[in-house]
Amino acid sequence: MDDVAAIGMSRRGMLITGAACAATHALPAGASERQQGPSAAPPVTPVRLTVNGSDKELSLDPRTTLLDALREHLHLTGTKKGCDHGQCGACTVIVNGRRINSCLSLAVMHERDSVTTIEGLGTPEKLHPMQAAFVKHDGYQCGYCTPGQICSAVAVLEEIRAGSPSHVTADLTAAPPLSEAEIRERMSGNICRCGAYSNIVEAIREVAGRRQA
């Protein structure tokens, strides 16, 4: 009988015990105590925003995205979390007049910025013209992407009015035309899984036509 058997331990048990001891000695000093003790609360940062015309003061983990600040802390759930990677546009909001994907932007980056969400564009009793046009032209089906589509559409018309060119603008010295190609290019960052793109374009063109009249 060898020495391992003499002390009443199988070879398998001996290997397991040895591996556990090696792992324990490999831990940094105090690591086991840190793992067992209560986790420290994450640091918070004060953030001041103007959201839909109202001043808001929040205390946030600095890693909090603008999207999560709006949804989880201010309970403005109209702004949707889709891909959470900036690829679908469902989280589009308007910040200082420009549209952004709020899932890609940290809330602390927007100290004192003015943020407009879908809730700030209109109400059920008084719809924003773009909201009314989406209803009229059936520019939605499931509706999940609709808040981001509408916020983006409102910003698109402001971009065209300001003369900002897109990738399909042929003449960079002239005002961008209000063509279907121009609208589709500018709205290409907002994905509609239901495929209501033609109706969305019609809604945008109707609102643009009202502004030109």
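In the predicted model, the largest nonpolar core comprises 21 residues, of which Met 130, Phe 134, Ile 150, Met 187 and Ile 204 touch the most other members. At least two residues of this core are supplied by each of helix 5 (118-121), helix 6, helix 7 and helix 9 (197-212), and the largest share, 7 residues, comes from helix 7. When neighbours within four places in sequence are left aside, the contacts of Phe 134 are Gly 139, Tyr 140, Thr 146, Gln 149, Ile 150, Ala 153, Ile 200 and Ala 203.

Tyr 140, one of the residues in contact with Phe 134, is located in the loop that runs between helix 6 (129-136) and helix 7 (146-161). The residue is partly exposed, with a relative accessible area of 30%, and together with Leu 127 and Val 135 Tyr 140 makes a nonpolar surface patch of about 240 Å².

With a disulfide taken as a pair of cysteine sulfur atoms within 2.5 Å, the count of disulfides comes to 0. For Cys 83, which is in no disulfide, the nearest cysteine sulfur is that of Cys 88, at 3.8 Å, and Cys 83 itself is partly exposed, with a relative accessible area of 26%. Cys 103 is likewise in no disulfide, the nearest cysteine sulfur being that of Cys 91, 3.8 Å away; Cys 103, however, is buried, its relative accessible area being 8%.

Conventions
Residues are numbered from 1 along each chain as its sequence is written. This is a predicted model: local features need pLDDT of at least 70, side-chain atom pairs count only at pLDDT 80 or more; totals for chains, interfaces and linings use all residues. Side-chain values use heavy atoms; hydrogens and water are left out. Buried means under 20% relative accessible area, exposed over 50%, partly exposed in between (1.4 Å probe, protein chains only). Patches are made of residues with over 30% relative accessible area and no salt bridge: like charges are joined within 9 Å, nonpolar side chains (Val, Leu, Ile, Met, Phe, Trp, Tyr) within 5 Å. Accessible areas come from the Shrake-Rupley method with a 1.4 Å probe; for residues, only the protein chains shown count as cover. A salt bridge is a side-chain nitrogen of Lys or Arg within 4 Å of a carboxyl oxygen of Asp or Glu. Helices (H or I, at least four residues) and strands (E, at least two) are DSSP runs, numbered from the N terminus. A nonpolar core is a set of buried Ala, Val, Leu, Ile, Met, Phe, Trp, Tyr and Cys residues joined through side-chain atoms within 4.5 Å. Contact means heavy atoms within 4.5 Å.
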